[in-house]
Amino acid sequence: MKKEELLQVFDENKNILNESIERSLKKTLTNGKHFMIILMFIENDGKFLIQKSSVEKGSEYATTGGHVTYQDDGFITCKKEVFEELGVQLRDEEIEYVDTIDYKNCFCEIYYSSKYINASELKLQEEEVESVNWLSKDAIETLIENNQFRKSNIEAFNKIIEYKKRNTK
């Protein structure tokens with residue numbers, strides 16, 4: 001039997017605790033304890049690298065992301081997930097922390113990169129990713145309107161758009 005993935009547990013201030021929880025039990029966290037997910041938005045020339053998840057993962061459009069595993073933090077997880085799902089190594093300086101969304105017992109850290117990536121050279125994680133495409137803000141908004149974009153990514157996408165507005169010279 002496959003051992004279940006252990007997630008890192010955080011307190012209400014995003015401090016790492018010396019605790020883990022099995023992924024299937026993450027929603028049972030109480031007393032201000034949280035698990036964490038990360039979402040990474042990669043953009044070039046006004047288009048975002050959006051993946052269509054595998055059939056096993058719901059065939060939805062989404063950005064790269066994942067759960068923070070035990071003894072990791074959001075930044076480390078961001079680098080790991082981009083490599084696992086897309087086969088791309090990001091350097092620390094290519095990653096920008098944008099914001100954190102605080103849900104009931106889950107933090108969602110949002111990251112951004114403007115690293116140029118040739119989509120045809122990606123090595124996709126087949127269990128999770130069916131395909132990737134560069135999509136404009138308008139195309140993503142159409143996916144959202146048509147309920148084809150992962151719901152848990154919508155608020156983060158809107159935060160990325162606000163971040164871009166604030167940081168565009």
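Reply: The model is predicted, and the labels are taken in turn below.

Me: Why is Thr-64 called buried?

Reply: Buried means under 20% relative accessible area. Thr-64 has 2% relative accessibility, so Thr-64 counts as buried. Thr-64 lies in strand 6. Leaving aside neighbours within four places in sequence, the residues in contact with Thr-64 include Ile-38, Leu-39 and Met-40, and also Glu-81, Val-82, Glu-85 and Leu-86.

Me: What makes the pair Thr-64 and Gln-51 a polar contact?

Reply: The cut-off for a pair of N or O atoms is 3.5 Å. The side chains of Thr-64 and Gln-51 are joined at 3.3 Å, within that limit, so the pair qualifies.

Me: Which residues of helix 1 are buried, and how do you know that they are on the same side?

Reply: Helix 1 covers residues 74–86. Its buried residues are Gly-74, Thr-77, Cys-78, Glu-81, Val-82, Glu-85 and Leu-86. They cover an arc of only 135° around the axis, and therefore lie on the same side of helix 1. An α-helix has 3.6 residues a turn, so residues three or four places apart point the same way. The buried residues of helix 1 pack against strand 3, strand 4, strand 6, strand 8 and strand 9.

Me: What is found at the start of helix 1, and what follows helix 1?

Reply: At the start, a side-chain oxygen of Asp-73 comes to within 3.2 Å of the backbone nitrogen of Phe-75. Helix 1 is followed by Gly-87, which has a positive phi, near 75°.

Me: Why is Asp-72 called buried?

Reply: The relative accessible area of Asp-72 is 9%, and buried means under 20%, so the label applies. Asp-72 lies in the loop between strand 6 and helix 1. Asp-72 and Ile-16 are 56 residues apart along the chain, with 8.7 Å between their C-alpha atoms.

Me: What makes Asp-72 and Lys-80 a polar contact?

Reply: The side chains of Asp-72 and Lys-80 make this contact at 2.4 Å, which is within the 3.5 Å cut-off, so the label holds.

Me: Are Cys-78 and Cys-106 buried or exposed?

Reply: Both are buried. Cys-78 has a relative accessible area of 0%, and Cys-106 has 8% relative accessibility.

Me: What makes up the largest nonpolar core?

Reply: The largest nonpolar core has 25 residues, and those with the most contacts inside it are Phe-41, Phe-48, Ile-110, Ile-140, Phe-157 and Ile-160. Elements that each supply at least two residues of this core include strand 1, strand 7 and helix 2. Helix 3 gives the most, with five residues. Phe-41 is in contact with residues including Phe-48, Ile-110, Phe-157 and Ile-160. A second, separate core has 19 residues, among them Phe-10, Met-40, Val-88 and Val-129.

Definitions and conventions
Residues numbered from 1 in each chain as written. Predicted model: local features only at pLDDT ≥ 70, side-chain atom pairs only at ≥ 80, totals over all residues. Heavy atoms only, no water. Helix = DSSP H or I, 4+ residues; strand = E, 2+ residues; numbered from the N terminus. Expected span 1.5 Å × (residues − 1). Buried < 20%, exposed > 50% of the residue type's maximum accessible area, 1.4 Å probe, protein only. Arc of directions from axis to C-beta. Contact = heavy atoms within 4.5 Å. Polar contact = N/O pair within 3.5 Å; in protein donor to acceptor, adjacent residues only side chain to side chain. Core = buried A, V, L, I, M, F, W, Y, C linked by side-chain atoms within 4.5 Å.
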